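This report looks at aromatic ring pairs and at one helix packing. Please have the sequence and the model open.

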Amino acid sequence: DPETFNKAKYEAIDGFLSSIPPGLVLDVGSNAGRYSELAVNRGNRVVAIDTDELTLQELYLNARTARLPILPLKMDIMWPTGSHGLGLSRPPATDRLKADTTLWLAVLHHLTGTQLFSYEAVARMIDAYTREVAIVEFIPKDDIHIREWPRVAESWWDVDHFIEAMRPYFGSVEVRPSIPDPRLMLCFKRTANSSSSKTSPNAEGEELISGGRSGEDGEVLNL
């Protein structure tokens, strides 16, 4: 049931957004902006990034009509615009678009499965665009929509390896179920001991990850 599917995923994301102070949200792979609008409903301003002009045009028209604080931009998130202009006076996209919270919904499996980026490369980009919180949808290899993809047969395609790639940049992660099962929604947060520069994991986090634990539903793991 598409309505049930969307409602369940919507509620999972809203659960994370409701626990985060409002600010600037970067919605990566925004499509027509369903979750951009959800972020606005939680008091945020949104920059919506996608590579599809038609969906961005739809989002622009809807946001303008409803007077929503959403700025749609066309850009490949893995190939950001660098410094440019006279004397490189314009800062790079990673500086101009850095947001308090970033959304990476139905994005990670495309970046790693079809565009062939590593988890480590994606984690570096998530870090580059995120000030405080990154919400990432993880799609396991046994998901019906990707299980025939050649790359998902690799031994590293699991949530623990992705969390390991994110650990240098974020201090904790909360894991919640997404829809359809077995998809997961991950909420990574900076802590006092984490920053956008690489830090050494603490002993507790090392035990949690090396032990192969991705956490029970809703459990917050210190990285």
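Ring pairs join Tyr119, Phe138, Trp156, Trp157, Phe162, Phe170 and Phe188 into a cluster. Rings of Phe, Tyr and Trp (its six-membered ring) pair if their centres lie within 6.5 Å; planes under 30 degrees apart are stacked, over 60 edge-to-face, and the rest tilted. The count by this rule is nine aromatic pairs.

The model is predicted: local features need pLDDT of at least 70, side-chain atom pairs count only at pLDDT 80 or more, and totals for chains, interfaces and linings use all residues. Residues are numbered from 1 along each chain as its sequence is written, and side-chain values use heavy atoms, with hydrogens and water left out.

**The Tyr10–Tyr35 pair**

The ring centres of Tyr10 and Tyr35 are 6.3 Å apart and the planes stand at 40 degrees, so the pair is tilted. It links distant parts of the chain, 25 residues apart. Helices are DSSP runs (H or I, at least four residues), numbered from the N terminus.

**Helix 6 against helix 7**

Helix 6 (residues 119–129) packs on helix 7 (residues 159–166) at about 45 degrees, with the axes 8 Å apart. Contact (heavy atoms within 4.5 Å) involves Tyr119, Glu120, Ala123 and Ile126 of helix 6. Helix 7 contributes His161, Phe162, Ala165 and Met166.

Conventions
Axes are lines fitted to C-alpha atoms, for helices over the stretch in contact, and angles run from 0 to 180 degrees between N-to-C directions. Helices (H or I, at least four residues) and strands (E, at least two) are DSSP runs, numbered from the N terminus.
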